[in-house]
Amino acid sequence: MTNDSGPYRLSFQPKLFANATQKKTVAISELYKQLKKLSKELNGLEQETVDTQSLDAVTRQLLAPSLLRHKESGVVSYVSCCIADILRLYAPEAPYSDDEIKGIFNVFIDQLQLLSDTDNQFFALREYLLTSLATVRTPALVAMQPDAEDTISRFFTTLFGVVSPGQPHSIQMQILDVLQQLVEEPKTVPQDVVDVILLQFTKRRQQENPAAHQIASDLANNAADILQKYIYQYFNDVIVSAAQQRTGNMEDLEDTGSLDDLRSAHYLILELNKAAPGTLLNVIPQLEEELSVEDVDIRVLSTNVLGEMFGEKGFTLAKRYETTWKAWMGRRADASPLVRTQWVERAVALYQHQPQLARELNMYVAEKLSDVDERVRMAACHSLGLLEMGAAVQNVLSDNVITALGERCKDRRAGVRAEAIVALATMYSQVVEQLEQNNAARLKWGGIPSTIFVLRYVNDPDIDSKVESILTGAILNFAKIKDDRAKCRRLLLVFDSLTAKAQSGFFSYMRRQRDIICLTDHFLTQCLQEDSANVEQQQRELAAKISTFFPDRAKMEAALA
């Protein structure tokens, strides 16, 4: 490196080749020595003060196939770092033709592919190459090439392939920088690149390589404005293609491939909404359109996906896309019970995740508890039973929803009754601690035990069995309360809240359990007696009596026989 009060010149002129044809390099040990010395001097030169004319000879020599395709990967690593420095020193112009640039970057990609081998003696060179690409922004040279799609796609495939959770954070950030340049610089983003980015959001990829998923998330957020239209086009192509395929195969009941494609696409939408919602600006109106298509499966999917997106914490999608929210709310009255079922499941979940929307939901959730289809009623009851009754949920869940849920405890369908009873009892078990000291809570929730115990008057073995199963569990919670004094306090708290009719029902359940215990004890005593015609007759009679207390009388009687 020389100066003499002028621009710095490259003082070292390496001897890399055995002859002037450049087809054969010098001996490997000497070649490494020459390249190492050249790399060190190039690294020390600064773009602002270098005399680029002094680089001309080396610039051409480094392109020799005998170097770029050398069988020793370490030689190629040194050559790549030298070329990266030359690109830095010549920036913003490159001293190479378009074809040469393309070839150079394909060599770079081959080197970056070796980044996963962190124990390799030349790992530091490959890391230096990555750092140079990230900081000097040389990938912009590729982006300006007329046929750069394949090279850009190779960059994405390679870099996402070498990312791993154990890597230093600095390397992952440099990979992100390079990828972001390759999204921002080209006039168009290749479809293969969009495919590779979206691949990182699949469930399998997230589990296999969470680091790659994080880089994809950061990239999608950083370049959301650019990626929006490409992501929209991706989903539009997948969804339209699958929908057309389903339209053409409506009579083929075995055709599940297109539906699987739709499910996969909608799953990706959900994952993008969690990680990079800004990329979905054009996709959400597309989901809104799906809400009104003829295909029931598509309406179910879009109802589910939008419902989950509305419930995403951190922002209120319903306020940003009011027309989409109104269209989704309209699915509560969909002609298909499958869609209505999906709607009520997601609507109830919103109590948990977006309680500020509850005022719009209460009336319609109560309405779905009385839906004409038992699957919708059952889904509504089951979903309410899954709620975690924190303060926010307790405040927004309206009395009419609780009342409607209580009515379902007497539903004509056993499955609905069971879900309703369990849901009410589960809610009560979560709020009961507040009832002693909170009058408002006692007024709102204290009536649940009465709603449950008056079911004794229905005189249905199925209902009675279900009530008994939750009596000492969710209502009295004796299984978890170990202290006898605490058990008494819980019993008094529950009993004091009961109406006169519910108290009679409570005592009736106690007598019913007493009768079952007595009959079972007598039956077991008979089983220990020596076999005789009289004993067998008594056993049959006792089995018949015991079975009357159970929903499936014939099955119980047969089991005891």
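# Close-up views of a predicted, helical model

**View 1. Surroundings of Q394.** Leaving aside residues up to four places away in sequence, Q394 touches M389, V431, Q434, K444 and W445; a contact means heavy atoms within 4.5 Å. Q394 is found in helix α22 (residues 391-396). Helices are DSSP runs of H or I with at least four residues, strands are runs of E with at least two, and both are numbered from the N terminus. With a relative accessible area of 7%, Q394 is buried. Buried stands for under 20% relative accessible area, exposed for over 50%, and partly exposed for values in between (1.4 Å probe, protein chains only). The model is predicted: local features need pLDDT of at least 70 and side-chain atom pairs count only at pLDDT 80 or more, whereas totals for chains, interfaces and linings use all residues. Residues are numbered from 1 along each chain as its sequence is written, and side-chain values use heavy atoms, with hydrogens and water left out.

**View 2. The whole protein.** The secondary structure comes to 31 helices and zero strands. Along the principal axes, the C-alpha atoms fill a box of roughly 115 × 60 × 55 Å. The radius of gyration is 36 Å, while a compact globule of 561 residues would have one near 24 Å. That radius is taken over C-alpha atoms, and the globule rule is 2.2 Å times the number of residues to the power 0.38. Of the 561 residues, 49% are buried. The protein exposes about 27400 Å², of which carbon and sulfur atoms supply 50%; accessible areas come from the Shrake-Rupley method with a 1.4 Å probe, and for residues only the protein chains shown count as cover. Among contacts between residues at least 6 apart in sequence, 68% join residues at least 24 apart.

**View 3. The salt bridge between R60 and E100.** The closest N and O atoms of R60 and E100 are 2.6 Å apart, and the two residues form a salt bridge. R60 lies in helix α2 (residues 56-61) and E100 in helix α5 (residues 98-112), so the pair ties together parts that are 40 residues apart in sequence. A salt bridge is a side-chain nitrogen of Lys or Arg within 4 Å of a carboxyl oxygen of Asp or Glu. R60 is partly exposed at a relative accessible area of 42%, and E100 is partly exposed at 24%. The structure holds 29 salt bridges. Side chains of opposite charge can pair when their charged atoms come close.

**View 4. The salt bridge between R154 and D110.** R154 and D110 meet through their side chains in a salt bridge of 2.7 Å, N to O. This pair links distant parts of the chain, with R154 in helix α8 (residues 149-162) and D110 in helix α5, 44 residues apart. Both ends are partly exposed: R154 has a relative accessible area of 28% and D110 one of 37%.

**View 5. A buried pair and a charged network.** The side chains of R408 and D411 meet in a salt bridge with an N to O distance of 2.7 Å. R408 and D411 are buried. Elsewhere, a network of salt bridges links R340, E367, K368 and D371.

View 6. The peptide bond joining A91 and P92 is cis, with omega about 5°. P92 has its place in the loop between α4 (73-90) and α5. R137, although not a glycine, has a positive phi of about 65°. The loop that holds R137 is between α6 (123-136) and α7 (139-143), and R137 counts as partly exposed at 37% relative accessibility. N477 is likewise not a glycine and has a positive phi of about 60°; N477 lies in the loop between α27 (461-475) and α28 (484-496). Most residues other than glycine have a negative phi, and most peptide bonds are trans.

**View 7. Cysteines.** The count of disulfides is zero, a disulfide being a pair of cysteine sulfur atoms within 2.5 Å. For C81, the nearest cysteine sulfur is that of C82, 7.1 Å away. C81 counts as buried at 1% relative accessibility, whereas C488 is partly exposed at 47%.

View 8. An unreviewed UniProt entry annotates residues 28-55 as "coiled-coil region". UniProt positions are given in the numbering used here, feature names are shortened, and annotations may be inferred rather than shown by experiment. In the model, this span is 61% helix and 0% strand, and its end C-alpha atoms lie 23 Å apart.
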